[in-house]
Amino acid sequence: MKAILRALTTIVVVLLVMVVVAWGFVYLGGFDVAAAAPHNALVERAFVAARTRAIKVHAKSVHSPALADSALAERGLEHYEKMCVVCHGGPDRFPTEIGRGLDPAPPDLGVGVNAWTDGELYWIVKNGIMLTGMPSFGASHSDEDLWAIVAFLRKLPGMSPETYHAMQEKVGHHPSEHGPERDGAGDEHASHREGSH
Ligand code: HEC
């Protein structure tokens with residue numbers, strides 16, 4: 001009985017010491033929250049593995065509709081332009097200024113999307129990725145719009161800037177539901193692949 005009590009007391013004391021040390025660490029600003037601070041390589045590897053498994057498992061039950069229709073991809077392009085280019089860039093620009101300041105960095109989706117199925121891409125865009133800059137778009141977009149974005153993402157790999165611009169021209173620029181747009185805004189703050197900036 002005495003031995004159990006002593007063991008319990010030791011556990012409680014150790015836990016208390018741990019709480020005080022953790023509190024002291026936080027109070028003294030020991031945890032560096034700077035976005036520019038490098039991540040611990042081991043923590044990063046563990047997070048990437050956990051993220052990939054979580055997405056693959058959660059997206060298993062998502063069934064993709066047919067996505068080949070080019071009108072669907074064009075509708076997706078409009079959303080891509082307004083909400084994704086700012087971080088991920090596009091066939092004519094990569095990386096962007098915001099993208100360079102994020103860690104983990106938003107990948108070039110012309111390459112990145114090949115690693116995921118349609119259902120997984122839908123899941124990522126709908127739910128976002130916790131503790132990264134990747135937002136969730138499920139609250140602000142209908143299922144049809146989310147699938148249109150996936151349809152466009154599927155066309156990104158290997159897309160030339162010329163094809164991209166032709167597609168942009170086809171859909172035209174609508175001062176859309178994503179908020180007001182200034183004349184020429186957007187372009188001047190993106191670094192172009194051609195290196196004009
Ligand atoms: C505010 C910046 C930001 C915006 C806006 C953004 N993303 Fe992301 N996205 C990220 C970051 C950062 C990651 C990397 C997350 C990680 O490494 O786990 C990411 C990851 C992804 C991935 C996974 C890619 C891979 O290879 O792992 C997809 C797909 C994606 N984003 C699609 C989109 C789409 C589509 C949009 C627009 C509807 C969008 N993102 C808007 C920052 C952003």
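The model is predicted: local features need pLDDT of at least 70, side-chain atom pairs count only at pLDDT 80 or more, and totals for chains, interfaces and linings use all residues. Residues are numbered from 1 along each chain as its sequence is written.

**Exercise 1.** Work out how many helices and strands the chain has.

*Solution.* Start with the DSSP runs, numbered from the N terminus: helices are H or I with at least four residues, strands are E with at least two. The chain then has nine helices and zero strands.

**Exercise 2.** Decide how α3 and α8 are oriented to each other.

*Solution.* Take helix α3 (residues 70-83) and helix α8 (residues 143-155); they pack at an angle of about 95°, with axes 7 Å apart. Axes here are lines fitted to C-alpha atoms, for helices over the stretch in contact, and angles run from 0 to 180 degrees between N-to-C directions. Angles under 35 degrees count as roughly parallel, over 145 as roughly antiparallel, 65 to 115 as roughly perpendicular and the rest as oblique. The two helices, α3 and α8, are therefore roughly perpendicular.

Next, list who meets whom, with contact meaning C-beta atoms, placed from the backbone, within 7 Å. On the α3 side you will find Leu72, Gly76 and Tyr80, among others, and on the α8 side Asp145, Ile149 and Phe152, among others.

**Exercise 3.** Find which residues touch the most other members of the largest nonpolar core.

*Solution.* A nonpolar core is a set of buried Ala, Val, Leu, Ile, Met, Phe, Trp, Tyr and Cys residues joined through C-beta atoms within 7 Å. Buried means that 20 or more other C-beta atoms lie within 10 Å of a residue's own; exposed means 12 or fewer, and partly exposed is in between, with C-beta atoms placed from the backbone. Of the 24 residues in this core, Ile149, Val150, Phe152 and Leu153 touch the most other members. The largest share of the core, eight residues, comes from α8. Now zoom in on Ile149: leaving out residues up to four places away in sequence, Ile149 touches Gly76, His79, Tyr80 and Val125.

**Exercise 4.** Classify Trp116 as buried, partly exposed or exposed, and locate its partners.

*Solution.* Trp116 sits in the loop between α6 and α7. Trp116 has 19 C-beta neighbours inside 10 Å and so counts as partly exposed. Leaving out residues up to four places away in sequence, Trp116 touches Leu121 and Ile124. Finally, compare Trp116 with Ile55: 61 residues apart in sequence, and 9.4 Å apart in space, C-alpha to C-alpha.

Technical notes:
Contact = placed C-beta atoms within 7 Å.
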